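Biologist: I would like to learn how to read a structure like this one. Please take me through it feature by feature.

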Amino acid sequence: FLIAAENLNKLYKLTTDSYSQAERKKKLGELLSLIESLQKTISSKPEYQEVDVISKFPPDQRTYMEEGGVINGYQYPIWKESMGVLNIYEAMMYKDPDGFLNLSNKQLKRFKKWERAKNIYKFPFDWGQRTFSIAYNINGYEVKQSMIGDCSVVSSLGVCAHYEFKYNYKKRLVSALIYPQDEFGSPVYNPCGKYMVKLFFNG
């Protein structure tokens, strides 16, 4: 909605005739009121509050949790429900501050280039109509190991994906952990290119 408001404001500044200016100014006001209302609703829900989750644990347990969140030199924060909702849509295309994923020599031999999903597939996405679901109807047969080089991770993903398939996607172990999501809790395409994944490791 913020992106839509910014674009509408740009159109308003480019418009010269008074009638179109009045119409777009009215729509911009309505959109800003909607954004303000949504922000108040989100800020009033406890699950979206920016709270320090780790502070409720004893000091020794906090130390274990913080140190356990460091993998390959990266600090992974403890999950908060707000992570899957707030700051996931941005005005510009998202760029990972840590850069591209490091690949092994074996992977680099077959690697061509990093590419955004929108440049590979034309998503039928419309801000005003609907979102495009991703990671739906997954199964273990889709997971292939040849270039990743970590059979423990790949096999776990395969088992979890096939679990969803086995129970007709009524029990979801993978797709329910990818954000952003629609009103049904299913992951959807983000035109900004940013996704959040909720993972459990080291307890």
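Biologist: Which residues are exposed on the other side of H6?

Modeller: Val159 and Lys166 are exposed there. Exposed means over 50% relative accessible area, buried under 20%, and partly exposed in between (1.4 Å probe, protein chains only). Helices (H or I, at least four residues) and strands (E, at least two) are DSSP runs, numbered from the N terminus. This is a predicted model, in which local features need pLDDT of at least 70 and side-chain atom pairs count only at pLDDT 80 or more, while totals for chains, interfaces and linings use all residues. Residues are numbered from 1 along each chain as its sequence is written, and side-chain values use heavy atoms, with hydrogens and water left out.

Biologist: Which residues of H6 are buried?

Modeller: An α-helix has 3.6 residues a turn, so residues three or four places apart point the same way. In H6 the buried residues are Val154, Gly158, Ala161 and Glu164. They lie on the same side of H6, because they cover an arc of only 120° around the axis (the arc of the directions from the helix axis to the C-beta atoms).

Biologist: What span should helix H6 have?

Modeller: The expected span is 1.5 Å times one less than the number of residues. Helix H6 (residues 151-166) has 16 residues and should therefore span 22 Å, which agrees with its end C-alpha atoms being 22 Å apart. After H6 comes asparagine 168, with a positive phi near 55°.

Biologist: How many salt bridges does a search of the whole structure find?

Modeller: Side chains of opposite charge can pair when their charged atoms come close. The criterion is a side-chain nitrogen of Lys or Arg within 4 Å of a carboxyl oxygen of Asp or Glu. The search finds one. Glutamate 115 pairs with lysine 113, and their closest N and O atoms are 3.1 Å apart. Glutamate 115 is partly exposed, at a relative accessible area of 36%.

Biologist: Is lysine 198 buried or exposed?

Modeller: Lysine 198 is buried, at 17% relative accessible area. Its place is in the segment after strand S4 (196-197). Leaving aside residues up to four places away in sequence, lysine 198 touches Trp79, Glu81, Leu177 and Tyr179; contact means heavy atoms within 4.5 Å.

Biologist: Where is confidence lowest in the protein chain?

Modeller: Where pLDDT is low, the predicted coordinates should not be read in detail. pLDDT is the predictor's confidence in each residue, from 0 to 100. Helix H1 (residues 2-14) is lowest, at a mean of 62, and strand S3 (residues 178-179) is highest, at 89. The chain averages 76, and 75% of the residues score at least 70.
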